[in-house]
Amino acid sequence: MATSSGNSSQIQTNSGSEEVLMVVDERKRKRMQSNRESARRSRMRKQKHLDDLNGQVTQLKNENSNILNSINVTTQQYSNVEAENSVLRAQMMELTQRLQSLNEILNYIDNNNNNNNINNNNNNGGFEINNYHQDDFQINPWNMMYVNQPIMASADMLYQY
């Protein structure tokens, strides 16, 4: 009988060790399942982070494109203003030269009129007599060719761009 009681204790130990193995296996299976879930959540977080970074890259590319377009428009406007300034400077120089020429002509005419009046007053006993000479047409500033020169730079040149 000792053998039968030995068998029953052996069966009990076998069933006890099987229960322990089953508990260990169950814990192992739960741990593996938990690890799988954790890994899945980690992959999802990584994917979300990657998607966010890709979104930022797209947004930054769009902003860079907008900035480049703005720079190009500003550069074009600057070029147009610079061209307009060049035309205005050229017009100013031409007008300054024309004004200087007109002032020289007026000074020349004033000097000649003063000399003629002095000569006429001395020759005619103090009376002023206007004598028109044939060379008066040469002194008239409106007959001089360089006075009627056109302005070479014009505002129409600005609208070619």
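Modeller: Helices (H or I, at least four residues) and strands (E, at least two) are DSSP runs, numbered from the N terminus. Here, Ile71 lies in helix α1 (residues 2-123). This is a predicted model, in which local features need pLDDT of at least 70, side-chain atom pairs count only at pLDDT 80 or more, and totals for chains, interfaces and linings use all residues. Residues are numbered from 1 along each chain as its sequence is written, and side-chain values use heavy atoms, with hydrogens and water left out.

Biologist: How many salt bridges does the structure hold?

Modeller: A salt bridge is a side-chain nitrogen of Lys or Arg within 4 Å of a carboxyl oxygen of Asp or Glu. The structure holds three. One joins Glu26 and Arg29 (2.4 Å, N to O), which are three residues apart in helix α1, about one helical turn. In another, the closest N and O atoms of Arg40 and Glu37 are 2.9 Å apart. For Lys48 and Asp52 the corresponding distance is 3.3 Å; these two are four residues apart in helix α1.

Biologist: Which residues form a nonpolar patch on the surface?

Modeller: Patches are made of residues with over 30% relative accessible area and no salt bridge; like charges are joined within 9 Å, nonpolar side chains (Val, Leu, Ile, Met, Phe, Trp, Tyr) within 5 Å. Accessible areas come from the Shrake-Rupley method with a 1.4 Å probe, and for residues only the protein chains shown count as cover. Ile67, Leu68 and Ile71 form the patch, with about 280 Å² of accessible area together. Ile71 itself is partly exposed, at 45% relative accessible area.

Definitions and conventions
Buried means under 20% relative accessible area, exposed over 50%, partly exposed in between (1.4 Å probe, protein chains only).
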